[in-house]
Every structure is written in structure tokens, then in C-alpha cells.
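Keep the structure open as you read.

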Amino acid sequence: MKDWWQATFPKGRQSLIITDANGYPVQIAYGEKGKGQTLFLLHGVGSWSYNWRSSIDTLSQHFRIICFDAKGYGFSEKAVTRKEKNGHQVIEFERVIRSLCDEPAIVVAESLGALIALAIAQKNPQLITRLVVLNVPIFAQSLPHWGMWLLSQMPIEIVQIIDSLRLPLLFAPIVREIMAVERRDVLFDPSILTQEDVYWITYPYVELPGTLAKVAEELQIAAREIEHLQTNKPSFLANIQKNLSAVTCPTLVLWGEQDTWFPASDGKKLCQYLPNAKLQILPNCRHDASFGASKDVNAAILEFLQDS
């Protein structure tokens, strides 16, 4: 099967070295297409740049698109031996922006990526000129999927052993089938998911050791954050909630009307706290908006950026 990076970006997959939140150099995979103002596309938990496959061509006709894999995801370095800090993604995404862009950028981010984008807009508003967030877990009450919960409860050492023995590769057909079922569950129209989609969505888990362990670690952090929020303990998530009024850049909040992970009412609630926000509910859309409702998402992004 033809390499997705090569087929999508003029220079294929490129690499950037940043210093991560632990102070170590890590390699970040990214692709770039188009000219004009820089627009970063940021994926959600367990995903990678491929999730934006239906937006890159359309948006690159108007902007310089940079699509990258966060540390631990996709084709970026896993750093499996180092324990992560809460909010490490904020520090690392800031460093990606500063390395690849010398002016304020547009950020379009989905799910966990959108939560990180909100945190950056609070902490360093000079980095983001306009913001689009999709289906943000800002008011999450629990991890939304049984598989996420299971990984969050497993000792990380067990997950690392599973990863090091390459069991996902050994049982690749089963892994792909399970993930295909789960991905269809977050699509309003499951029939649009092709075998090629399934191949690339699961590729990092099957072919790149360390992916499963890093995703499990991120889910364990997320589970602790939600627990701390519910017990009124200091947390990264609570801090983002308390400082939403600091997100002053023009912001478009997109939300799937049928999102079963985080209800559309969360989008309405979020907009009440953002001083310069507009909400658009996406009909016939569940949690995977960037693919499942890509035409509506792309049209909404372009209209918002033109108007703002």
C-alpha cells in the first residue's frame, strides 16, 4: 500500500527535533502542504495525523497546513522509558509551533488535542491568532470508552511487555478488526470507513513498538485528571476550566450533534465561558467529526476564518 505521508504531502513525512517536557530531545513526525498563514491540525487521543486526511487537501488551498503526530503517537518518537508529566503536551505543542512558525498561527484541534489547544491559548495567547476546537473533553465525567478504561487500569509494565513482545503485530488481523468496530462506533455513517482507513488507523499500533504503551500512559493520566476533578483536588483539567475566560482569540466550537462520548450540551456550556466564541452543531455527526463530517467541518472552518 502506498505510503500515506508520501501520497499526501509534497515532501512526504518530515522530522523535527524538539526538547520534550522532561528535557529530552524527541523526534516529531509532521507533514506540510500549501502556502499562506500557518494552520496547525492537532489530533486526539490514540490517533495521529491520518485523522485529518479529509481536511488537508481542502484547507491547504488557502493555508500552509502543518499536520503533526504528538509525541508518543503515530510516527513520532515514543520515549517509552520516561514517565510523562501532566500537561506535557502543552509544552511540547508550543515548541512545535515555535519551531515551525515565526508568527501567530491558526490552530484546528480535535478531542484531547482541542483541550491542549485551549490550554495553550490561555498560557501563551500570542501563539494562536484563531482557534477551532472539535468535540472537546473539557467537562468529561469519565473515560468515554470501555477500551480506554481498561488500558487506564492496567499496570503500565504489563502494557509495555505486550508492546515489547510485538503482540499487536502477531495478532494484527484481530487488532484491526477490533479497532474497525470501535472506529465505526464513533461515525454517524459507519459505511464510510474503508479497509485502507482501518489499515492506516491501526498502523502505529501494529507496526511501531511503544505506541500502545504510550497511549495507555496518556489514558492513565486522563483518568487521574477526571478523578481529581470530581474530588475537588488540584488538576490540569480543573485549571483549564477555571481559566477559559483567558481564551480571548476568535474561537469556533464545532460539536457533533450525536456525539455519544461528550454531549453537544458541553459545547453550549463551553461557549458560555469563552469571551469570543461561536458554536456550530454538526448534524449527522458523532465524535469523529474530522472524518465523519469532513465536508461540514471544512466548510465551517473556512467560513469562520474568512469572517474572523
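A crossing of two helices is called left-handed if the near helix is turned anticlockwise from the far one by less than a right angle, and right-handed if the turn is clockwise. The model shown here is predicted. With that term in hand, start with the helix pair.

**Helices α6 and α10**

- Helix α6 covers residues 156–164, and its axis comes within 8 Å of the axis of α10.
- The two axes cross at roughly 160°.
- Angles over 145 degrees count as roughly antiparallel, and α6 and α10 are therefore roughly antiparallel to each other.
- The crossing of α6 and α10 is right-handed.
- On the α6 side, the contact is made by Ile-156, Val-159, Gln-160, Ile-162 and Asp-163.
- On the α10 side, Thr-211, Leu-212, Ala-213, Ala-216, Glu-217 and Gln-220 make the contact.
- Sorted by class, this contact of α6 with α10 has six nonpolar residues, three polar and two charged.

**How many cavities?**

- How many cavities of 30 Å³ or more are there? The count is two.

**The largest cavity**

- The largest cavity has a volume of about 360 Å³.
- Its lining has 26 residues, and the closest to the centre are Leu-112, Leu-115, Pro-137, Leu-143 and Ala-222.
- Four elements are listed as giving two or more residues to this lining: α3 (88–100), α4 (112–123), α10 (211–230) and α11 (236–242).
- Which element gives the most to the lining of the largest cavity? Helix α10 does, with six residues.
- The lining of the largest cavity divides into 17 nonpolar, seven polar and two charged residues.

**The second largest cavity**

- The second largest cavity holds about 160 Å³ of space.
- It is lined by 17 residues.
- Nearest the centre of the second largest cavity lie Leu-42, Ala-70, Tyr-73, Gln-89 and Ile-116.
- The elements that give two or more residues to this lining are α3 and α4.
- Helix α3 gives the most here, with five residues.
- By class, the lining of the second largest cavity has ten nonpolar, five polar and two charged residues.

**Linking the topics**

- Look again at α10: this helix makes contact with α6, and α10 also gives six residues to the lining of the largest cavity.
- Look again at α3 and α4: these helices are listed for the lining of the largest cavity and for that of the second largest cavity.

Terms used: Residues numbered from 1 in each chain as written. Predicted model: local features only at pLDDT ≥ 70, side-chain atom pairs only at ≥ 80, totals over all residues. Heavy atoms only, no water. 1 Å grid on protein atoms, 1.4 Å probe; cavity = no way out; pocket = protein on both sides within 12 Å on 5 of 7 lines; lining within 4 Å. Points joined across faces, edges and corners; volume = space filled by probe spheres on them. Nonpolar A, V, L, I, M, F, W, Y, C, P; charged D, E, K, R; others polar. Axes fitted to C-alpha atoms, helices over the stretch in contact; angles between N-to-C directions. Parallel < 35°, antiparallel > 145°, perpendicular 65-115°, else oblique. Contact = heavy atoms within 4.5 Å.
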